[in-house]
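Please view the sequence and the structure before reading on.

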Amino acid sequence: MTRIIAIHGVLPPHRYEQSEITHAFGDMCLPPGADRGVLERLHTSATVRGRHLALPLERYASLSGFGEANDAFIESALPLGEQAVRGALDLAGLDASEIDLVISTSVTGIAAPSLEARLAGRVGLRPDVKRVPIFGLGCVAGAAGLARVHDYLDGHPGQVALLLSVELCSLTLQRTDASVPNLVAGALFGDGAAAVLAVGRDHPHRRGQHRGPEVVATRSALYPGTERSLGWDIGDAGFRIVLGADLPDLVRETLGDEVRSFLSDHDLKAQDVTAWVCHPGGPQVLEAVRETLDLPARALEATWRSLAEVGNLSSASVLHILRDTLALHPPPPGSPGLLLAMGPGFCTEQVLLRW
């Protein structure tokens, strides 16, 4: 089975309290003299205490449009991604030249050549490394990327794969949009990156001293007719969020049966899972996850903590939470865990782990 051997999460250096971001967001997005009551309530109810941003807070108001924001994305994403990759390599005791496959994901900027191609020379990847850049999976891509790493290593059991997620959500800010979805996004999303190294079942590092969990199985689910529940509308101003009010109800309608079916396929029930590694979609989505899976209040504690401390990092969040779970509250060896996330489509991805 695939073995995770290192996870390294990084955050940009510019950190601000939620109240500071709320004030700056209001100055940028609301017309002069507008009532800020709705904005302040949404930012308070997000339960986010602070976030890390790619740029100094005062610089966002001066971004001229999509082109400049995307240039800032590439400029900031490369050092952040490099830091994540080098950190994971150091933890694993591997050299970059030993990596056979790189899957990179981001939904907050566009780069061609893609980020992992631009990083190849900087970190020392081989010229023949296989590269799979992913755009469009959004928040689900951390889980889906790990699942696709597992698929690859299942067929290449002696090899090493890297998953890199870099999400700079702040650079998608729509500065003239006072709609509720944009206000909600401005309350929730932060910036960050994460790198995961994994090896196949025949690789010698599978039995290393600091090994992480095994990937046992994965499941993907796409729900037709839900395309307007979550995603981007892309226009001259860049990425404008699509965030349906029905999203928590959609989670309640779909996730419970999907998770129970997946676990049942492996002779498991929800109460057998010793750690839930869940993407922090937002307070209402997390409550919907807990309700539909009938989980105890503490089951999603690591997710709630991550949301409060750094906000929703899109695809990087679930990887940060997996790192925190292993570092702070490692589950009993041999017990099952479930990593799950939701994204545009509407879709879900589940990764069954063995600690």
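On a 1 Å grid over the protein atoms alone, a cavity is a set of points where a 1.4 Å probe fits but cannot get out, and its lining residues have an atom within 4 Å of a point. Grid points are joined across faces, edges and corners, and a volume is the space filled by probe spheres set on the points. The model is a predicted one, in which local features need pLDDT of at least 70 and side-chain atom pairs pLDDT 80 or more, while totals for chains, interfaces and linings use all residues. Residues are numbered from 1 along each chain as its sequence is written, and side-chain values use heavy atoms, with hydrogens and water left out.

The structure holds 2 cavities of 30 Å³ or more.

| Cavity | Volume |
|---|---|
| Largest cavity | about 40 Å³ |
| Second largest cavity | about 30 Å³ |

Around the largest cavity stand Val85, Val102, Glu116, Leu119, Val123, Leu125, Leu162 and Leu164. Helix H4 (115-123) and strand E6 (160-168) each supply at least two residues of this lining, and the largest share, 3 residues, comes from H4; helices (H or I, at least four residues) and strands (E, at least two) are DSSP runs numbered from the N terminus. This lining divides into 7 nonpolar residues, no polar and 1 charged, where Ala, Val, Leu, Ile, Met, Phe, Trp, Tyr, Cys and Pro count as nonpolar, Asp, Glu, Lys and Arg as charged, and the others, Gly among them, as polar.

The second largest cavity is lined by Phe66, Ala69, Asn70, Phe73, Thr108, Gly109, Leu171 and Phe239. Helix H3 (residues 66-92) gives the largest share of that lining, 4 residues, and the lining of the second largest cavity divides into 5 nonpolar, 3 polar and no charged residues.

Technical notes: 1 Å grid on protein atoms, 1.4 Å probe; cavity = no way out; pocket = protein on both sides within 12 Å on 5 of 7 lines; lining within 4 Å.
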